Amino acid sequence: MSASTGAPAARGRRELTYAVLLCLAGAGLAFWAVTRTWSVELTARGSLPPGRHTRTGAELLPWVSALAVVGLAGGGAVLATRGRVRRLLGGLLTLLGLGVAAGGGYGLTETGVSRQWPALVLVGGLVLVAGGLLTALRGGGWPAMGARYERRAARPTEPAGAQRPAVERGTRDAWEALDRGEDPTVS
């Protein structure tokens, strides 16, 4: 293998790895940050200590956690796709990342909400956007999964029962009986 033929393949694998890691890291960071406590509300109760009600980002913006989970699944799907489908998936991941980033930006504008968790959601969304854009722009030429992961073609028809050896027929008949729910050991 010459350096000229090995370099593009290695570059494609490296870019694929970066894209998948960006998607998974961005979506994972956003999902983790949206499950943290974003706000604490204290309610006065007279002479009793104030009541404390905490709300997570997922309670305030439930769609952000849903987009982050879809982004995680999409990051894994980048590995299983190829060509045009992979590039379309990259576009979808870019849109998901923009949605997650918008949720983080919205959280930053809300009053009574801590700033670090929405900021991390925003960063996670932008990282997901970067992975999605890399996939959409460059993913068509990346290597795909090997043929061992693809569905095999149907097996050719087997010879008639009389043409198979008797031992093979007996074994096959026993297995077929088990498939039908019968006990082949009972006569």
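These are my notebook entries on what I looked up in this predicted model.

**Entry 1. Ground rules**

I number residues from 1 along each chain as its sequence is written. Because the model is predicted, local features need pLDDT of at least 70 and side-chain atom pairs count only at pLDDT 80 or more, whereas totals for chains, interfaces and linings use all residues; side-chain values use heavy atoms, with hydrogens and water left out.

**Entry 2. The chain as a whole**

I began with the secondary structure and found six helices and two strands in the chain. Helices (H or I, at least four residues) and strands (E, at least two) are DSSP runs, numbered from the N terminus. Read from that end, the elements run α-β-β-α-α-α-α-α.

I then looked up burial, where buried means under 20% relative accessible area, exposed over 50%, and partly exposed in between (1.4 Å probe, protein chains only). Of the 187 residues in the chain, 29% are buried. The accessible surface, from the Shrake-Rupley method with a 1.4 Å probe and, for residues, only the protein chains shown as cover, comes to about 11,800 Å² for the chain. Carbon and sulfur atoms hold 62% of that surface.

Among contacts with a separation of 6 or more, 66% join residues 24 or more positions apart.

**Entry 3. Helix H5**

How far apart are the end C-alpha atoms of helix H5? They are 33 Å apart. The expected span of a helix is 1.5 Å times one less than its number of residues, and for the 23 residues of H5 (residues 116-138) this gives 33 Å, which agrees.

I also listed the buried residues of H5, which include Trp-117, Pro-118, Val-121, Leu-128 and Val-129. Gly-124, Gly-125, Gly-131 and Gly-132 are also among them.

**Entry 4**

A salt bridge is a side-chain nitrogen of Lys or Arg within 4 Å of a carboxyl oxygen of Asp or Glu. The structure holds four of them. In general, side chains of opposite charge can pair when their charged atoms come close.

Is Glu-15 buried or exposed? Glu-15 is buried, at a relative accessible area of 15%. Its side chain meets that of Arg-11 in a salt bridge at 3.3 Å, N to O. Both residues lie in helix H1 (residues 3-34), four residues apart, about one turn of the helix. An α-helix has 3.6 residues a turn, so residues three or four places apart point the same way. Arg-11 counts as partly exposed at 41% relative accessibility.

Glu-15 also forms a salt bridge with Arg-138, at 3.0 Å, N to O. This pair links distant parts of the chain, with Arg-138 in helix H5 and Glu-15 in helix H1, 123 residues apart. Arg-138 is partly exposed, at 37%. I therefore recorded Arg-11, Glu-15 and Arg-138 as linked in a network of salt bridges.

Leaving aside neighbours within four places in sequence, Glu-15 is in contact with Leu-134, Arg-138 and Trp-142.

**Entry 5. A salt bridge between Glu-182 and Arg-180**

Glu-182 and Arg-180 form another salt bridge, with the closest N and O atoms 3.3 Å apart. Glu-182 is partly exposed at 42%, and Arg-180 is exposed at 53%.

**Entry 6. Aromatic rings**

Rings of Phe, Tyr and Trp (its six-membered ring) pair if their centres lie within 6.5 Å; planes under 30 degrees apart count as stacked, over 60 as edge-to-face and the rest as tilted. By this rule I count one aromatic pair. The ring centres of Trp-32 and Trp-117 are 5.2 Å apart and the planes stand at 85°, so the pair is edge-to-face. Trp-32 lies in helix H1 and Trp-117 in helix H5, so the pair ties together parts 85 residues apart in sequence. Trp-32 is partly exposed at 39%, while Trp-117 is buried at 17%.

**Entry 7. Leu-29**

Leu-29 lies in helix H1 and is partly exposed, at 26%. Leaving aside neighbours within four places in sequence, Leu-29 is in contact with Leu-120, Val-123 and Gly-124.

Note on methods
Contact means heavy atoms within 4.5 Å.
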